[in-house]
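User: Please walk me through how to read this model, one feature at a time.

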Amino acid sequence: MTRPPSPDSPLLRRFTQSADAVLRTRPDAGPEAERPEAERPEAERPEAERHAELEAIVEVLAMATALEVVGLLSRVPAASREGLRRAGSRALLQLGTLLDDDDEERAEGARLLGPYARDGLRALAGREPSPARREDAIVLDSELAGLVQGSFDGLRLAEIAGRVRESAEARRALSMLTRLGDESVRAAPRLRLAADGGSAMRDPSAGRRIAELSVAGHAIELHRFDDGAIAAYAASSVVLRLGGEHVISRVSRPGYAEASIEPGTATVDLDVGGAITTLEVR
């Protein structure tokens with residue numbers, strides 16, 4: 001059985017609940033769970049029941065891809081990952097029964113889920129994903145927030161996760177969003193780390209985080225870079241600006257601000273939608 005997830009991880013909580021249900025009902029998931037209702041021979045079980053269980057495990061496999069991209073798959077206990085891997089391997093062998101189903105909607109859903117379920121099985125087995133084919137895929141702000149919150153069905157979550165893998169910008173935004181936590185997602189469902197402007201956003205991982213704070217209800221991070229630049233990132237669409245003595249503002253737009261600071265500068269003014277805070281930058 002899986003351990004209870006952290007309350008600040010809705011995606012992990014949802015995955016855990018779905019995985020527990022699968023491990024209780026699949027006769028091939030291992031001896032860890034008691035499943036007396038699943039001990040009947042497979043042929044004696046109603047077709048609708050078998051199809052419903054097959055759909056459930058395939059969706060859990062797809063969700064595993066989303067967990068991997070968000071960085072939460074390692075928090076699923078190894079015994080549960082192994083149980084899901086065994087159940088998933090068996091389920092994928094049976095996937096053809098859904099593809100041949102007379103219900104066209106069910107068959108189409110199985111066809112779409114198949115590749116994501118196989119990728120989830122790879123993730124559960126601890127194998128690395130294939131290298132990204134591109135780095136400029138489009139991921140909407142609302143999709144990133146929904147991925148972290150687990151707001152979509154398994155197919156949609158896996159599809160968004162696949163595009164995140166192929167977008168350097170989305171990976172940076174997701175990294176900051178998960179650091180800032182779910183409170184910022186609820187307060188700002190549309191993440192705007194690189195919105196509304198022609199200037200490129202600096203990769204925060206290339207700098208050194210010097211501050212993490214909340215100003216006027218907005219979650220903000222400041223990063224300093226070796227070339228003397230400083231950048232502010234918000235998890236909402238509030239306009240940011242950096243200024244102050246010996247500070248030259250370079251970029252000011254919703255969700256992002258950048259400035260150059262002269263050597264020896266000790267403080268910088270951070271303007272968050274009109275609310276100004278002075279911060280030390282040493």
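Reading the model

User: Leaving aside its neighbours within four places in sequence, which residues is Arg122 in contact with?

Analyst: Contact here means heavy atoms within 4.5 Å. With neighbours within four places in sequence set aside, Arg122 is in contact with Glu68, Arg127, Glu128, Pro129 and Arg165. This is a predicted model, so local features need pLDDT of at least 70, side-chain atom pairs count only at pLDDT 80 or more, and totals for chains, interfaces and linings use all residues. Residues are numbered from 1 along each chain as its sequence is written, and side-chain values use heavy atoms, with hydrogens and water left out.

User: Where does Arg122 lie, and is Arg122 buried or exposed?

Analyst: Arg122 lies in helix H5 (residues 104-124). Helices (H or I, at least four residues) and strands (E, at least two) are DSSP runs, numbered from the N terminus. Buried means under 20% relative accessible area, exposed over 50%, and partly exposed in between (1.4 Å probe, protein chains only). Arg122 has 8% relative accessibility and so counts as buried.

User: How many helices and strands are in the protein chain, and what part of the chain counts as buried?

Analyst: The protein chain has nine helices and eight strands. Of its 282 residues, 47% count as buried. Among contacts between residues at least 6 apart in sequence, 60% join residues at least 24 apart.

User: How many residues of H6 are buried?

Analyst: Eight of the nine are buried, so H6 is largely enclosed by the rest of the structure. They are Asp141, Glu143, Leu144, Ala145, Gly146, Leu147, Val148 and Gln149. Just after H6, Gly150 takes a positive phi of about 65°.

User: Which residues touch the most other members of the largest nonpolar core?

Analyst: A nonpolar core is a set of buried Ala, Val, Leu, Ile, Met, Phe, Trp, Tyr and Cys residues joined through side-chain atoms within 4.5 Å. The largest has 43 residues, of which Phe15, Ile57, Leu67, Leu84, Leu144, Leu147 and Val164 touch the most other members. Two or more residues of this core come from each of H1, helix H2 (47-70), helix H3 (78-93), H5, helix H6 (141-149), helix H7 (154-165) and helix H8 (168-180). H2 gives the most, with eleven residues. Beyond its neighbours within four places in sequence, Leu67 is in contact with Leu11, Leu12, Phe15, Leu72, Leu73 and Val76. Another core, of 20 residues, lies apart from this one and includes Ala211, Leu213, Ala232 and Val272.

User: How many aromatic pairs does a search of the whole structure find?

Analyst: A pair of aromatic rings is described by the distance of the centres and the angle of the planes. Rings of Phe, Tyr and Trp (its six-membered ring) pair if their centres lie within 6.5 Å; planes under 30 degrees apart count as stacked, over 60 as edge-to-face and the rest as tilted. The search finds one pair. The ring centres of Tyr233 and Tyr256 are 5.3 Å apart and the planes are at 55°, so this pair is tilted. Tyr233 lies in strand S3 (residues 229-234) and Tyr256 in strand S6 (residues 256-261), so the pair ties together parts that are 23 residues apart in sequence. Tyr233 and Tyr256 are buried.

User: Over which ring does the charged end of Arg156 sit?

Analyst: A charge sits over a ring if NZ of Lys or CZ of Arg is within 6 Å of the ring centre and within 35 degrees of the ring normal. The charged end of Arg156 sits over the ring of Phe152, 4.3 Å from its centre. That of Arg202 sits over the ring of Phe225, 5.0 Å from its centre.

User: Where does His246 lie, and what is its phi?

Analyst: Most residues other than glycine have a negative phi. His246 has a positive phi, near 65°. His246 lies in the loop between strand S4 (240-243) and strand S5 (247-253) and, at 41% relative accessibility, counts as partly exposed. Leaving aside neighbours within four places in sequence, Thr265 is in contact with Glu245, His246, Val247 and Val281. Thr265 lies in the loop between S6 and strand S7 (267-272), and its 7% relative accessibility counts as buried.
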